[in-house]
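Subject: Structure handover

Hello,

Here is the structure I said I would pass on. My notes on what was found in it follow below.

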Amino acid sequence: MTEPLTRRGWAALFAIPVLIFLAGCSQVSDKKDADTVDVRDTGGMEKKTEEMSSGILDIIALKKAKVTEPGPDTLRCSAYPEDAGVHRMHHPWSVYDVPFEDLSRGFERLRAELPRHGWKIVKDGPDGSPAKTPQIVANSTRDHFSADIRLLDQRKHPDKTSLIEVTVVSDCFRDKKRETGSSG
């Protein structure tokens, strides 16, 4: 007779599909057929990724906070052959330099407002780290993006900064210019 799944077992069971979607592609050894992936313009996807991130920043609504600068970039989707040109947009950024209480209120606004802005929250609870960092994972219901958002409380560590860490990723896609043979 098998043992029933523990709370941790159930959490792991449900976390696996979320992680696969967040990665944009699975990490299976059999490579997928790149011909099944949507063809999109990388420049347009970069702009759309910036828009998605900006919408999340607007919900956080901490006007006095600082925001990290780097913009979106592409990452190869590893479930496809290396030469297939299948990639996804990846935009990690953070909000910081305001009191933790303000960050916490911004994180609570995300819980309330993301669904009103076309995001479906698929995880809301502690992440798997020893610190059990609060985490929200949400999928855009219309734009094929996911967001992993964490509230890092560093008040016990004076050499570190508390922040809201956001990573926005798109589905895997092939670049339109590559498909049409255009040069950039």
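Among contacts in the protein chain between residues at least 6 apart in sequence, what percentage join residues at least 24 apart? The figure is 65%, where contact means heavy atoms within 4.5 Å.

Before the details, some ground rules. This is a predicted model, in which local features need pLDDT of at least 70 and side-chain atom pairs count only at pLDDT 80 or more, while totals for chains, interfaces and linings use all residues. Residues are numbered from 1 along each chain as its sequence is written, and side-chain values use heavy atoms, with hydrogens and water left out.

Overall layout

The protein chain has four helices and nine strands. These are DSSP runs numbered from the N terminus, with helices being H or I of at least four residues and strands being E of at least two. Along the sequence they follow the pattern α-β-α-β-β-β-α-β-β-β-β-β-α.

Of the 184 residues in the protein chain, 38% are buried. Buried means under 20% relative accessible area, exposed means over 50%, and partly exposed is in between, with a 1.4 Å probe and protein chains only. The accessible surface of the chain comes to about 11,200 Å², and carbon and sulfur atoms account for 52% of that surface. Accessible areas come from the Shrake-Rupley method with a 1.4 Å probe; for residues, only the protein chains shown count as cover.

The disulfide

The structure holds one disulfide, a term used here for a pair of cysteine sulfur atoms within 2.5 Å. In general, a disulfide is a covalent bond between the sulfur atoms of two cysteines. Here the bond joins Cys77 to Cys172, with an S to S distance of 2.1 Å. Cys77 lies in the loop between strand 3 (73-76) and strand 4 (86-96), and Cys172 in the loop between strand 8 (163-170) and strand 9 (173-175), so the pair ties together parts that are 95 residues apart in sequence. The torsion about the S-S bond of Cys77 and Cys172 is about -105°, so this disulfide is left-handed.

Are the two cysteines buried or exposed? Cys77 and Cys172 are both buried, and the relative accessibility of Cys172 is 9%. Cys172 also has its C-alpha atom 7.9 Å from that of Met89, a residue 83 places away along the chain.

Salt bridges

How many salt bridges does a search of the whole structure find? It finds 13, counting a side-chain nitrogen of Lys or Arg within 4 Å of a carboxyl oxygen of Asp or Glu. Three of them are described here.

Glu51 and Lys48 form one of these, at 3.6 Å from N to O. Both residues lie in helix 2 (residues 42-60), three residues apart, about one turn of the helix. Lys48 is partly exposed, with a relative accessible area of 25%. This pair also belongs to a network of salt bridges that links Lys48, Glu51, Arg142 and Asp143.

A salt bridge between the side chains of Asp97 and Lys66 has an N to O distance of 3.3 Å. It links distant parts of the chain: Asp97 is in the loop between strand 4 and helix 3 (100-113), and Lys66 is in strand 2 (residues 66-67), 31 residues apart. Asp97 is partly exposed at 45% relative accessibility, and Lys66 is partly exposed at 44%.

In helix 3, Arg111 and Glu108 are three residues apart, about one helical turn, and their side chains meet in a salt bridge at 2.4 Å, N to O. Arg111 is partly exposed with a relative accessible area of 25%, and Glu108 is partly exposed at 41%.

Helix 2 and its surroundings

The axes of helix 2 and helix 3 come within 8 Å and cross at roughly 115°. Axes are lines fitted to C-alpha atoms, for helices over the stretch in contact, and angles run from 0 to 180 degrees between N-to-C directions. Helix 2 contributes Ile56, Ile59 and Ile60 to the contact, and helix 3 contributes Gly106, Arg109, Leu110 and Glu113. These residues divide into four nonpolar, one polar and two charged. Ala, Val, Leu, Ile, Met, Phe, Trp, Tyr, Cys and Pro count as nonpolar, Asp, Glu, Lys and Arg as charged, and the others, Gly among them, as polar.

Thr49 also lies in helix 2 and is buried, with a relative accessible area of 0%. Leaving aside residues up to four places away in sequence, Thr49 touches Pro72, Met89, His91, Phe145 and Val168.

Regards
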